[in-house]
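Subject: Structure for your review

Dear colleague,

Please find below the structure that I am handing over to you. I would be grateful if you could read the notes that follow it with the model open.

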There are 2 protein chains.
Amino acid sequence: MKRVFVLIANKAVTKPFNLNDLAGSAGRMDIVCRFISQSLFISHGVRKNSEVYVILKGEPDPLKTLKIIGSEVRYLAPDERNIGGMIKKALKEGVDKKWKKVSHGVYISRKGLVELLEELGGNFYYLREDGKDITTVHISDPVFILGDHLGVSEEDERVIMKKAEKISLGKISYQADQCVTILNYILDKRLNNSQREIT
Amino acid sequence: MKRVFVLIANKAVTKPFNLNDLAGSAGRMDIVCRFISQSLFISHGVRKNSEVYVILKGEPDPLKTLKIIGSEVRYLAPDERNIGGMIKKALKEGVDKKWKKVSHGVYISRKGLVELLEELGGNFYYLREDGKDITTVHISDPVFILGDHLGVSEEDERVIMKKAEKISLGKISYQADQCVTILNYILDKRLNNSQREIT
């Protein structure tokens, strides 16, 4: 079963940035890097059933959206700087509404949230502290949508709630990348997946 | 309930390193940074009930052990580079067998695994794929011990197994930092912790 993770990165910049300042002038690009890393990697392997989308809403040229396909990526490592380098390379490309391939499994386009959600198939789940407890929700063909440290704007939330069910991991507010790790763990357990099945 | 996380970092260097090369010449210090980050942080908060210990076994001056106390740390951010900077600062200090305070909540010493486990109180759990399924194990006052990407040496494993119960998160091999996130999630659920109780 495919797992899709979508992050709305409210301040992540839309031009090449300084890899030494991911958490500062790059607009909390460190959060984006960890989100991608946790969506794709397990110990000594990449989840071939994972896809990640990140909507970059920061200056100076929003919106841009990244797509990373687990079954296609090569030469990617789980550290923030390596993933930051991949994103920086993507941001050097000119973009339009179609996906442009930047490197193995990595694409960029001018799509925003509305167009992205129209394109994605599956069942949409919006992670919110006040959502329905995930332990009581059946999950299939999931597209999980998450906000960054600033959450999700009212406008984006209206778009999401036309399609998505609100679900929650419990009473603690986890970071976006932690939510992904926990979601992957919950699905691994429910589906009884083995290492070989997913990498 | 206090939660203690111990990482054995087989190649992490024991002198100041290049922050631009955490995953390379610093001996997979990126793994150490993520481990500390996932032990301490949730969204907009630090877990005041978490303690982290990292045994640095890399060249040129092993062993050195870091201690980070969640209830004492200040000015720490969850990104790898920020935590790497904190570790680098600690490695500039001269060390002996006693804990030396480096900054708020951060200590370093010459202790190795044997001395560290003697010092720590609580119940010891060693994370291994072939351990007992955690869903069937009662966890109290935990000291979780994990290896990095290289696992744990036979010698260290003998030391650990004198005190610890082997437990497992399932059939998938997760990265050390992912294990921490999942362990924290499992304990948050079991203890029904709220954000206010732990930060």
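This is a predicted model: local features need pLDDT of at least 70, side-chain atom pairs count only at pLDDT 80 or more; totals for chains, interfaces and linings use all residues.

Symmetry

Chain A superposes on chain B by a rotation of 180°, with 0.0 Å of shift along the axis and an RMSD of 0.0 Å. The two chains are therefore related by a two-fold axis. Within chain A, A:Ile182 has the C-alpha nearest to this axis, at a distance of 3.0 Å. Both copies use the same surface, since 100% of the contact residues of chain A recur in chain B.

Interface

The contact between the chains involves 39 residues of chain A and 39 residues of chain B. Together, chain A and chain B bury about 3300 Å², and 50% of this area lies on carbon and sulfur atoms. Of the area that chain A buries against chain B, 18% is supplied by A:Lys171, A:Ile172 and A:Tyr185, which is more than any other three residues supply.

As to polar interactions, 20 residue pairs are in polar contact between chain A and chain B, counting pairs with both residues at pLDDT 80 or more. There are also 2 salt bridges across the interface. One of the salt bridges joins A:Lys189 to B:Asp133, with 3.7 Å between the closest N and O atoms.

How many cavities of 30 Å³ or more does the model contain? The count is 1 cavity. The largest cavity has a volume of about 30 Å³. Its lining draws on A:Gln38, A:Phe41, A:Arg47, A:Thr181 and A:Asn184 from chain A, together with B:Tyr174 and B:Gln178 from chain B. By residue class, the lining of this cavity comprises 2 nonpolar, 4 polar and 1 charged.

Yours sincerely

Conventions
Residues are numbered from 1 along each chain as its sequence is written. Chains are lettered from A and ligands numbered from 1 in the order in which they are written. Side-chain values use heavy atoms; hydrogens and water are left out. On a 1 Å grid over the protein atoms alone, a cavity is a set of points where a 1.4 Å probe fits but cannot get out, and a pocket is an open set with protein on both sides within 12 Å along at least five of seven lines; lining residues have an atom within 4 Å of a point. Grid points are joined across faces, edges and corners, and a volume is the space filled by probe spheres set on the points. Ala, Val, Leu, Ile, Met, Phe, Trp, Tyr, Cys and Pro count as nonpolar, Asp, Glu, Lys and Arg as charged, and the others, Gly among them, as polar. Copies are superposed by least squares on the C-alpha atoms of residues with pLDDT of at least 70 in both. Contact means heavy atoms within 4.5 Å. Buried area is the accessible area (1.4 Å probe) that two parts lose on being put together, summed over both. A salt bridge is a side-chain nitrogen of Lys or Arg within 4 Å of a carboxyl oxygen of Asp or Glu. A polar contact is a pair of N or O atoms within 3.5 Å; within protein, one must be able to donate a hydrogen and the other to accept it, and residues adjacent in sequence count only if both atoms are side-chain atoms.
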